[in-house]
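Here is a short note for someone opening this entry for the first time. Please read the points with the model in view.

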Amino acid sequence: LKRVLADEQNDVLNVLLRKDVVTDATALVPSAAEHVQRYAAAIDDELHHAALAGAASIDDRSLVEHQRDIDRGHALVPAIDSLDASVIAPLRERIELAVSAAAGDNAQLAESARAIYREWKTQRIDEHLDDVVRMAFGRGALAALTPGTKICWTIDPNGPECADAEDNTLGGVISAGDPFPTDHTCAPAHEGCRCMLQRAPR
């Protein structure tokens, strides 16, 4: 992802060098859908590995069967949505604000773009990527479960304290696909959440 950010920064700066005036962020970055696809494609293998690990954590069928479940259940979509919400959408917003503030001054905008991409490469990715991967893991686990399988919510004892996690754990055993007390169907429940689904003890 940091490599994608670096390449994108270079593209943005090249546009600012070539154009006389940039007053619209669409001159610098692709459409929202294309932007998400660019970043999602960069970590597609990692997301699949995470989802498969999630499936294997709760079900002992074959990798091929797990992959079929993940594809059928579109298990990577929530992880990609998380990537968009935490990384890409805020990046687009910051670029749009920088374009507006520069008011046609490409030199000022270039300086702002460098600062924005530097922040995303040195802070934003590191702060949020673990959450994206954990989302893929959790959704992979859910995809591997036959609807109705009895499951429970398990807290990581070393994870952050969270009222949602406590509520879901106290909610006891539910059927896979049904919502826990907080309306989540699987872990994680929030940024930093390290909870997992487990099969209910027999």
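1. Start with the sheet. Its 3 strands form an open sheet in the order β2-β1-β3, and the pairing is antiparallel. β2 (174-175) and β3 (196-199) stand at the edges with a single partner strand each, so one side of each has no neighbour in the sheet. Strands count as paired if DSSP finds at least two bridges between them.

2. Look next at β1 (residues 150-154). This strand pairs with β2 in the antiparallel sense over 2 bridges. Lys150 has Ser175 in β2 as its bridge partner.

3. On provenance: this is a predicted model, where local features need pLDDT of at least 70, side-chain atom pairs count only at pLDDT 80 or more, and totals for chains, interfaces and linings use all residues. Residues are numbered from 1 along each chain as its sequence is written, and side-chain values use heavy atoms, with hydrogens and water left out.

4. Now the whole chain. The protein chain has 7 helices and 3 strands. From the N terminus on, the order is α-α-α-α-α-α-β-α-β-β. Helices (H or I, at least four residues) and strands (E, at least two) are DSSP runs, numbered from the N terminus.

5. Extent and burial follow. The C-alpha atoms fill a box of roughly 70 × 35 × 25 Å, taken along the principal axes. Of the 202 residues in the protein chain, 44% are buried, meaning under 20% relative accessible area with a 1.4 Å probe, protein chains only.

6. Contacts (heavy atoms within 4.5 Å) come last. Among those with a separation of 6 or more, 76% join residues 24 or more positions apart.

Note on methods:
Buried means under 20% relative accessible area, exposed over 50%, partly exposed in between (1.4 Å probe, protein chains only).
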